[in-house]
Amino acid sequence: MPTTEELRTQAALAAAEGWPGVRDGETLRTVALPGMTLAVRRRAAACDGLEPALFVHGLGGSSRNWSALMELLSGDVECEAVDLPGFGASPPPDNGDYSVYGHARAVIRCLEASGRGAVHLFGNSLGGAAVTRVAALRPDLVRTVTLISPALPELPPQRTALPTGLLGVPGMPRLMRRMTRDLPAAHRARQVLRLCYGDPARITLEEFAAAEAELERRQALPYFWDSLSRTARGIVNAYTLTGQHSLWRQAQRVLAPTLLVYGVRDRLVSFRMAKRASRAFPSSRLVVMPEAGHVAMMEYPAEVARAFREFLAASAAAEGG
């Protein structure tokens, strides 16, 4: 008879195989780890011998958020993107820990299990906060860090970000479920994308169709609202931490070269935090994109890819010279 862990892995694999938004040249597999099963998206590398990279998505997102950027970088780094516990094709963690620390732990376990060595680590929004913790706690696992609109503490937050924070308030998910249950997935997907893009006109038909399909599928999952609300609560809690546990304090401990990408039209993380971030990370390079919103890697993937290549070349030159 299969063990509980084997059944969980089989169920996750079945979900991963049917998950929407897997592009040509990509594969999606599941990895069974202590206390969790993670889905990992891989983009076929354009050549052998590339250094590894791992991409970590934001709140409510998935590894699919990195597909456009991974395709462009497939000749520069060996690309994999993880679905955090409870998101994408990854089932919830066994211990129900959706804190920023919990998600950082998932990234660390994914890196340790991969056997790929130190990676170029990318993070967006929540993923940026988790990546910051990983880079501070486990520098042996990280070559460079690229943060796109990282969810580092911003007090007070932008007004347009308040509804996201309210998801973490007890009772709010039940209210949101009632308020949105009659809204078509297409309508909700459009709302989310418009919030995340600086220029909604840049949302492609392919991106909208994939977002609609993913949201429709996720809404049918029994843990959809739980994973969303508890992760939102985890972000809010991370904003209140002080001392050595503060995300800003941990940013100061990141030794790896760091690329910071902020969008001026970001409605969730203010680009005004860019200067503070560039001061906090000891070895950082800042790129501000005037037209981009919260997900620059989806909205302007070519520009983000170019910024990373320039950053990579500058980091290599500094290391060699």
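How many of the 7 residues of β4 are buried? In this predicted model, 6 of the 7 are buried, so strand β4 is largely enclosed by the rest of the structure. The legends below start with this strand and its neighbours.

**Figure 1. Strand β4 and its pairing with β2.**
Strand β4 covers residues 77-83. Because 6 of its 7 residues are buried, β4 is largely enclosed by the rest of the structure. Strand β2, residues 36-43, pairs with β4 in the antiparallel sense, and the pairing runs over 4 bridges.

**Figure 2**
β3 pairs with β4 in the parallel sense over 6 bridges. Within that pairing, Leu54 stands opposite Glu80 of β4. To get from β3 to β4 the chain passes through α2, and this β-α-β crossover is right-handed. β3 also runs parallel to β5, and 4 bridges join these two strands. Here Phe55 stands opposite Phe122 of β5. When following side chains in this view, bear in mind that in a regular strand they alternate between the two faces of the sheet.

**Figure 2. Aromatic rings around Phe55.**
The count of aromatic pairs in the model comes to 6. One of them joins Phe55 and Trp66: the ring centres are 5.3 Å apart and the planes stand at 50 degrees, so the pair is classed as tilted. Phe55 belongs to strand β3 and Trp66 to the loop between β3 and α2, so to speak of a link between distant parts of the chain is to speak of residues 11 places apart. Phe55 and Trp66 are both buried. The pair of Phe55 with Phe122 is stacked, at 4.2 Å centre to centre and 25 degrees between the planes. This second pair links strand β3 with strand β5, residues 119-125, and its members are 67 residues apart. Phe122 is buried, as is Phe55. Phe55, Trp66 and Phe122 form one aromatic cluster together with Phe308 and Phe311.

Ser62 lies in the loop that runs between β3 (51-56) and α2 (67-72). Is Ser62 buried or exposed? Its relative accessibility is 1%, so Ser62 counts as buried. The side chain of Ser62 makes a polar contact, at 2.9 Å, with the side chain of Glu214. Leaving out residues up to four places away in sequence, Ser62 touches His57, Asp83, Gly88 and Glu214.

**Figure 3. A charge over a ring: Arg133 and Tyr101.**
This view shows a side chain with a charged end and an aromatic ring. The charged end of Arg133 sits over the ring of Tyr101. The distance from this charged end to the ring centre is 4.2 Å.

**Figure 4. Tyr239 in helix α9.**
Tyr239 is found in helix α9, which covers residues 224-240. Its relative accessibility is 18%; because buried means under 20%, Tyr239 counts as buried. Which residues does Tyr239 contact, leaving aside its neighbours within four places in sequence? They are Ala151, Leu152, Pro153, Glu154 and Leu155. Between Tyr239 and Ala151 there are 8.9 Å in space, C-alpha to C-alpha, although the two are 88 residues apart in sequence.

**Figure 5. Two serines with positive phi.**
Ser125 is not a glycine, yet its phi is positive, at about 55 degrees. Ser125 has its place in strand β5. With a relative accessibility of 11%, Ser125 counts as buried. Ser149 is likewise a residue other than glycine with a positive phi, near 50 degrees. Ser149 lies in strand β6, residues 142-150. The relative accessibility of Ser149 is 1%, so Ser149 counts as buried.

Technical notes
Residues are numbered from 1 along each chain as its sequence is written. This is a predicted model: local features need pLDDT of at least 70, side-chain atom pairs count only at pLDDT 80 or more; totals for chains, interfaces and linings use all residues. Side-chain values use heavy atoms; hydrogens and water are left out. Buried means under 20% relative accessible area, exposed over 50%, partly exposed in between (1.4 Å probe, protein chains only). A polar contact is a pair of N or O atoms within 3.5 Å; within protein, one must be able to donate a hydrogen and the other to accept it, and residues adjacent in sequence count only if both atoms are side-chain atoms. Contact means heavy atoms within 4.5 Å. Rings of Phe, Tyr and Trp (its six-membered ring) pair if their centres lie within 6.5 Å; planes under 30 degrees apart count as stacked, over 60 as edge-to-face and the rest as tilted. A charge sits over a ring if NZ of Lys or CZ of Arg is within 6 Å of the ring centre and within 35 degrees of the ring normal. Two strands pair if DSSP finds at least two bridges between them. A crossover is right-handed if, with the strands pointing away from the viewer, the path from the first strand over the helix to the second runs clockwise.
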